[in-house]
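I opened the notebook to go through one model from confidence to contacts to charged pairs. These entries record what I looked up, in the order in which I looked.

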Amino acid sequence: MINKKDSKKKIKRANYLSASQSLNIARHNRKMMRHFEKRNNRKNVPESEYLAEMKKPGNVVEFDDLHTYFFTDAGTVKAVDGVSFDVPLGKTVGVVGESGCGKSVTSLSLMQILQRPIGQIVSGSIRFDTGSKVYDIAKMPSEKMQKIRGNNISMIFQEPMTSLNPVFRIGTQVDEIIKLHNPEMDKEEIKARTIEMLEMVSIANCEGVYRMYPHELSGGMRQRVMIAMSLACSPRLIIADEPTTALDVTIQAQILDLLRNLKDKINSSIMLITHDLGVIAEMADYVVVMYAGRIVEKGTANEIFNHPSHPYTIGLMASKPSVNKRVERLYSIPGKVPNPINMPDYCYFRDRCEKRFGRCDGPYPNEYNLSPTHSTHCYLYADDQEERQDG
Amino acid sequence: MADKFKSTRIVDDYTPIVHNEENILEVVQLKKYFPIKSGLLQRVVGYVKAVDGVTFNIKRGTTMGLVGESGCGKTTVGRTILRLYEKSGGQVLFNGQDIHKYNAKEMRDLRPKMQIIFQDPYSSLSPRLPVGEIISEAVREHELVPSEAFEDHIDNIMNKCGLQPYHKDRYPHEFSGGQRQRICIARALALNPEFVVCDEPVSALDVSIQAQIINLLMDLQEQFNLTYLFISHDLSVVEHISSTIGVMYLGDLVEYGSKKDIFANPLHPYTQALFSAIPVPEPGAKMNRIVLEGSIPSPANPPRGCKFHTRCAYCMDRCKVEEPLQRELEPDHFVACHLYDQEPEKTS
Amino acid sequence: MSEMNKNLHSKPPAGDETRQHISTTMALDDEQRIKVLSPAMLVFRRFIRNRLAIIGVLFITAMFAFSFVGGWIMPYGESETFKKYVDMSKLYAGVTQNQDYQFVIAGEQDFPSTARAQFVLAVNNKQTDFEAQGKRYTVETISDELYVVSNLMTVAQAINVMKQYDISPAAGVSLPSDFNDAFISAIQTKADQFTAGGATYQIMLERKIYYAYKSEQLALATYNIMDLAVADAPISFEFRYQAEKAASQGQDATFSADGLNYALKVTDDTAELYRTNGSEQTLVAVLSRYVVSPLYSDVLVTIEFKDAVKQAIADGLTTFSFAQGDEAARQYTIERDNTQWIIRTVEDTLVIRAYDFPTREHWLGTDANGMDIMTRLMYGGRISLMIGFIVVLIETFIGVILGGIAGYFGKWIDNLLMRIVDIFNSIPSIPIIIIIGAVMDGMRIDPQIRMVYLMLILGVLGWPGIARLVRGQILSLREQEFMVAAEATGLSVYRRIFKHLVPNVIPQLIVISTMSLGGIILTESTLSFLGLGVKFPFASWGNIINAVSNVHVMTNYWFVWIPAGFCILITVLGFNFIGDGLRDAFDPKMKR
């Protein structure tokens, strides 16, 4: 009995950080944060330093081996740990993954609105094509970033209530954005443009809504206004971070409908971040599946949904109950995401994977291409790949 | 003037239920109005009709799914059934007993039999109690198990819910959302309940964790012969776990029947729209969905007649004036819609 | 982690067995990998991370150590008064020049005051005899300032009866045998006096009766005063008479009296009398017109000192030094005031050490009452801190109970209690306290009991804030799902309140209590400063600062009030820092 208790205590204690450990962590964090903050807050950086060139001209954004870390009290959280994918012009890229997989952090890195100084882009590059110039956002100092945000990239958030200022009328808020980007327009023109934008997002009573306050609108309407605002400056890229998660099913359907229609009308790229595979399937042209800060699989929507390759993608799809499919028992991926502070040196999914085999004990798998557009990080496909390379 | 008077009075007429042994829970014309108070004297000026005459029953050992959008009153139904809210009208029979007639002492003794699992695994656990205490405190208080078997009982329940005994000393903040939901489930099951209201238990969880919890709930149902009222806005989850399904809209139960009937043959226009709105993870699968116009009206001021008529594609003049009654179109398949009013007349 | 790996590897992947208990086998043990902190530890860590909070803790620890440990170490008492010796120019003796006759009366005789007055008249009129109360006296002038008064006593009378003198002695007088013959022969020779039996008699004729008087020296009238070397040494009239006589000559002389030989040395107005015994001379007495008298009863003025004083006065000096016995020579100053001289000397005097500047034994000096300020500060700190804690305790106790009741039961109880809170919030607390303080002043309430009342009043006036906080907190907690869950599991009301609600209110409670501690200490100091709080002899930082009400003290003795002000500042700052730190530690979101 005593022994049992002792061992119990030991386990418990093993779970807590010791004082010296946490001291070391704090010291390391301070050092790192100072280093990166210094870099971010530089003034008068020559433009050449953060000018870049796109690898493929058709892309708006290229993430190249992006590492974004959070220096927390418990240790360094590698929220994004080597992510590379492209967002082609005019296409919708869906980033899917569970909470904490780094999908939001990827988009925040792109906007440079990470929770600084804790969150920092540690390495890698984010090339963004503004149309005239290509910038590497990862190297861009904060002061220059201001212009890119809003002008070239806009964002739709999950909770529309908190993103609208409750004390201003809807019209005023949309007007303001249009004025900011089109200073030459006069009042009448701006108002006309605002109403046009509101019409575009299928708000029926746009003259009325123009004079309303945010609290007078329902959640769906507010999300429509948010979409109108993000479209107002015709950005190159729209980041939609869980745009329908907070909405009811019928409203979600409305918004998805709207977004799908808009997608064809505008020539912006959309980066759609969601955990809902259904939303991705409806909206996205390309899909990126993230797990524990890394991309496990990417490809076109058809490839991902019809031929999911990575065990995680397969598991994710199987674990979602579907009205059309009848299963006696849902498949559930056992276990849970590893602790982001203490990532294992082997495949992050190994411990939850039902298809693991001897090779999985090796280092984190490389990217293996299944088709020109479809690739995955899994040893299951390594043999094909290597054979192909050999042959 | 008469109108005003009427609006602050709750009409409470129902035919008392004849208890059927098969049913663990029978609900008839359940109403829950939340008063809107205003003015200096806090006079009641109106009601939010969160639940406005809901009738259904749940068979022992089955799961009833309750779906609907936010604000339709499904959570209120769950809580009023457990008498966490006092009803405004109607009747709730649990094992044939009208629990709203129980006094405080009787109610407390009944509590362990009916449990609830919440949506938010973060706010549903007291942050300053260790997990062992959270799970076992009510068991100890009700003296459900003899003290010598107490630890074993708790360990057993925790094990069943996928928790380790050493978790007892930890605090909720050390657990992830899925783990917390397991703790909630363990807390409910430790009391040996017969009936559990699952109030959106998986909505706040990640997909892979959702599946774990759903499976766990289904396993436990089998083991303990539990009856669930499964409240969710996610149709696919409800479809997976339930045997009967009720669809709520603005405090009304618009359609209610077995899962098979409802999914194969949704009758109410709202049910149809709801089903078609679910995004399906198949690219290009469903493009011809029924998209409902507008948003849900406020339950404080619901439309007259059929509450759905403002958004209904099949709206008739009659819908705007007359409230449709719930009728049994097929055996055990109830719907409240004027579209089907003529049909029984034709057949009879 | 190892446990988990074991689980993972021991089970074959996939397959139906795993499905049976997916959730239990390998599900959740990877928890072991996540390093977290216990909730208390988390709060503590966030707290110590806060630099300001640590400063606050240091401040408060220092103040506690200072007040409680310090007061215990300090050798001085709370109201111990310190005194010191100060070299003060002190009145030592007064000297006057004698203007009245000093009468030295011989033997046991009587020289009544009427007779003395008649004597003065007679001297002024240059008469040689006078009469008073039926007695006759003769005055013999020896010098201007020395007279001998004799008593004329009728010894016998002789009546000439037919050329025959009939001598009849006065009653009760025995006459020598040869008296009659001598008397008669003297009458016949018309002599003024005669001697018989060694005594001299005088004859006066009055209405044909001859009286024989015996003249007896009664008193010596002189301006001089004799100071004796030995205070109570008996001196005979004879000695005094001889000495005065010798002195009136104005030069050194020798004389003998009572069978002893004396020498007289004259210097200016004084004459020193030495007893000579062979070549040995001892000072016996000093004669002079100056009276040196001590101004305090405890001062003994020796003859040597008097002599020295007289010398100095006679020399017209303003200062002189004199060594008393074995002591070192001291400096004396002489001030002249008409016929008086005042002699001052600088002397060590015991005084209260008021407003002593900091020294080694009184690090912060002393206050108006000569009490050690450091010690007062320590004891004042005890009282201030204790009052702070007790008041917060009272506040919290009332606040938690009433706020908890209002929050938990709601409805009309909530309404009623919150209206009471409103009423308490609208009471102007400072005027109320001032009035109560004044009333207590009027009732002369014991300072110790007064302190208890002060705490009660502050506590009773302070609870509404805490009640409101607790009520708000409980109202919001009541709606939390874990409270609904507690109700659904059928927990008793008691358990719901004390196990679920109260622990969740405690963080806010700790924060607000810490914050209000500072406020209470300030209020207490303000009241004590105004003289309405803690009263002397008890120290409190407030009543120590009270010293600044005296402008002189404020400008000249900074060490009296600056340290107390500093103590208050540090303590209040400390509590506020800790409060802020705790709030941030309990609720890290609030900071952002």
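Predicted model: local features only at pLDDT ≥ 70, side-chain atom pairs only at ≥ 80, totals over all residues.

**Entry 1, confidence.** The mean pLDDT of chain B is 83, and 93% of its residues reach 70 or more. Residues 1-6 of chain B stay under 50, and the model gives them one contact beyond four places in sequence. Residues 344-348 of chain B are also below 50, again with one contact beyond near neighbours in sequence.

**Entry 2, chain A against chain B.** I counted contacts first, and found 47 residues of chain A touching 45 residues of chain B. The two chains bury about 4000 Å² between them, with 54% of that area on carbon and sulfur atoms. On the chain A side, A:Val249, A:Thr250 and A:Val323 supply 15% of the area buried against chain B, more than any other three residues.

I then looked for polar links, and the count between these chains is two salt bridges, alongside five residue pairs in polar contact with both members at pLDDT 80 or more. One salt bridge joins A:Arg329 to B:Asp219, whose closest N and O atoms are 2.7 Å apart. Helices of chain A that each supply at least two residues to the side touching chain B include α1 (2-14), α10 (249-265) and α13 (311-319), and α10(A) gives the most, with nine residues. By type, the residues on this side of chain A divide into 18 nonpolar, 15 polar and 14 charged.

Leaving out residues up to four places away in sequence, B:Glu239 touches A:Ser322, A:Val323 and A:Arg326 from chain A, together with B:Ile245, B:Lys259 and B:Phe263 from its own chain.

Over all chains, a search of the whole structure finds 46 salt bridges. In chain A, the side chains of A:Glu47 and A:Lys133 meet at 3.1 Å, N to O. This pair links distant parts of the chain, 86 residues apart, with A:Glu47 in the loop between α2 (19-40) and β1 (59-72) and A:Lys133 in the loop between β4 (119-129) and β5 (134-136). A:Glu47 is partly exposed at 30%, and A:Lys133 is partly exposed at 33%.

A:Arg236 and A:Asp129 form another salt bridge, at 3.6 Å, N to O. Because A:Arg236 lies in the loop between α9 (219-231) and β7 (237-241) and A:Asp129 in strand β4, the pair ties together parts that are 107 residues apart in sequence. A:Arg236 is partly exposed at 22% relative accessibility, whereas A:Asp129 is buried at 11%.

In chain C, C:Asp584 and C:Arg583 meet in a salt bridge at 4.0 Å, N to O. C:Asp584 counts as buried at 14%, and C:Arg583 as partly exposed at 29%. I also recorded a network in which salt bridges that share partners join B:Arg108, B:Glu133, B:Glu137, B:Arg140, B:Glu141 and C:Arg495.

Technical notes
Residues numbered from 1 in each chain as written. Chains lettered and ligands numbered in written order. Heavy atoms only, no water. pLDDT = per-residue confidence, 0-100. Contact = heavy atoms within 4.5 Å. Buried area = accessible area lost by both parts, 1.4 Å probe. Polar contact = N/O pair within 3.5 Å; in protein donor to acceptor, adjacent residues only side chain to side chain. Helix = DSSP H or I, 4+ residues; strand = E, 2+ residues; numbered from the N terminus. Nonpolar A, V, L, I, M, F, W, Y, C, P; charged D, E, K, R; others polar. Buried < 20%, exposed > 50% of the residue type's maximum accessible area, 1.4 Å probe, protein only.
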